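Happy to walk through this one with you. Here come the sequence and the structure, followed by some questions and answers.

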Amino acid sequence: SGQKHFELLKTIIERDTGIPAVGYIPNNSEISLSSRHLGLVPSVEMDDLNSKIEKIRCLVEQYVDIDKLVEISHHVSKIDEFKNPVESMQKMNQVKIGVAWDKAFNFYYHDNLELLKQLGAELVYFSPMNDDKLPEGIDGLYLGGGFPEVFAAQLEQNQSMRLSIKQHIESGLPVYAECGGLMYLTKSIEDFEGKKYQMVGVIPGCSKMTGKLQRFGYVNVELNRDCIIGQKGLKFRAHEFHRSIVDAKGVECCYNVSKMRDGGLLSTWQCGYAMHNVVAGYAHVHFWSNPAVAQHFLASAQTYEFSRTQSLRTSN
């Protein structure tokens, strides 16, 4: 809360831990971030983000001893060399993956996108809100999380994009969708006020917003059948954080989810709706927890690319 508070904390920290306290950031309303029902408003929606960052830079320069920080950095032990598991994995060259990216869809582990590129994929970004159709020549589709319920009206109005996605899925395009992406693929989204908006309609049932968190926290996932992201038994880590529910009766789930706490099993459930060449679930999967997930997805896309190319040659 100020210089005197910092001096008090600095004395205690350095006395009890031996770790130097190099500075602090004072309270400042100009660098605050707004929030909504799932936490902070994403950076893609902030018009004044750069000005906030500039103000933070000035505050750090004024209140943090940068010279001391640099001095400390010269006395650290060597970090063990990281062995990238991707180096020994098969690359999927000439595979194009469409990635949804706009105000409605922007919840991605950046690591996931980097891993797909390291495995040879070309990422083609598009906007389900603003573009007329999917990018030409894509071999797979990655629909991340976000706030489709906030921008449901705009997503509904873009009928040509919804139709383009549905037609591609029905033709066999491999699609991996997480949370908001799952909601977008259902028949409709019902917002907090109970108003329904039409979505892609590939997955039967409606996505409905509720007044409380339905799932929250880190989870373990295991595939219970073969699908586009792996074979039965493949395990990986993920997290869930959503207030919506999806009623997709009659659609088989392709993975089992378990949540642990204090070394014990807390709860289990099924998710990962699998139909056509689609896997859509609430889990935000971290591909680096098991890179085979990304590799299988790209392999599915490569198979689709090969069949599409063969079909074009036959028709010509």
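Two strands count as paired if DSSP finds at least two bridges between them. Helices (H or I, at least four residues) and strands (E, at least two) are DSSP runs, numbered from the N terminus. The model is predicted, so local features need pLDDT of at least 70 and side-chain atom pairs count only at pLDDT 80 or more, while totals for chains, interfaces and linings use all residues. Residues are numbered from 1 along each chain as its sequence is written, and side-chain values use heavy atoms, with hydrogens and water left out.

Q: In which sense do β16 and β17 pair?
A: Strand β16 covers residues 264–275 and strand β17 covers residues 278–281. Tyrosine 273 stands opposite alanine 280 in β17. Three bridges link β16 and β17, and their sense is antiparallel.

Q: Which strands stand at the edges of the ten-strand sheet?
A: This open sheet has mixed pairing and the order β5-β3-β6-β8-β17-β16-β15-β12-β13-β18. An edge strand has a single partner, so one side of it is left without a neighbour in the sheet. That describes β5 (121–126) and β18 (284–285).

Q: What angle does the direction of helix α4 make with that of β5?
A: Helix α4 (residues 110–118) packs on the sheet and touches β3 (95–100), β5, β6 (140–143) and β18; contact here means heavy atoms within 4.5 Å. Axes are lines fitted to C-alpha atoms, for helices over the stretch in contact, and angles run from 0 to 180 degrees between N-to-C directions. On that scale, the angle between α4 and β5 is about 135 degrees.

Q: Which strands stand at the edges of the four-strand sheet?
A: The order in this open, mixed sheet is β10-β9-β11-β14, and the twist averages 20 degrees from one strand to the next. Each edge strand has a single partner strand, so one of its sides lacks a neighbour in the sheet. The edge strands are β10 (196–198) and β14.

Q: Which residue of β11 stands opposite serine 188?
A: Strand β9 (residues 186–190) joins β10 through three bridges in the antiparallel sense, and there serine 188 has glutamine 198 as its bridge partner. β9 also pairs with strand β11 (residues 203–209), in the parallel sense over four bridges. In β11, the residue opposite serine 188 is cysteine 206.

Q: How many of the five residues of β9 are buried?
A: Buried means under 20% relative accessible area, exposed over 50%, and partly exposed in between (1.4 Å probe, protein chains only). β9 is largely enclosed by the rest of the structure, because its buried residues number four.

Q: Which residue in the turn between β9 and β10 has a positive phi?
A: β9 and β10 form a hairpin with five residues between them. The phi in question is about 85 degrees, and it belongs to glycine 194.

Q: Is cysteine 179 buried or exposed?
A: Cysteine 179 lies in the loop between β8 (175–178) and α7 (180–185). Its phi is positive, about 50 degrees, although cysteine 179 is not a glycine. With a relative accessible area of 7%, cysteine 179 is buried.

Q: Is aspartate 262 buried or exposed?
A: Aspartate 262 sits in the loop between β15 (253–261) and β16. Phi is positive here too, near 55 degrees, in a residue other than glycine. At 80% relative accessibility, aspartate 262 is exposed.

Q: Which backbone oxygen does the side chain of asparagine 158 reach?
A: Asparagine 158 is found in the loop between α5 (152–157) and α6 (159–170), and at 8% relative accessibility it counts as buried. A polar contact is a pair of N or O atoms within 3.5 Å; within protein, one must be able to donate a hydrogen and the other to accept it, and residues adjacent in sequence count only if both atoms are side-chain atoms. A polar atom of the asparagine 158 side chain lies 3.3 Å from the backbone nitrogen of methionine 161. The backbone oxygen, reached at 2.8 Å, belongs to aspartate 131.

Q: How far apart are the C-alpha atoms of glutamate 14 and lysine 249?
A: Glutamate 14 lies in helix α1 (residues 3–17), where a polar contact of 2.8 Å joins its side chain to that of lysine 10. Glutamate 14 and lysine 249 are 235 residues apart along the chain, and their C-alpha atoms are separated by 58 Å.
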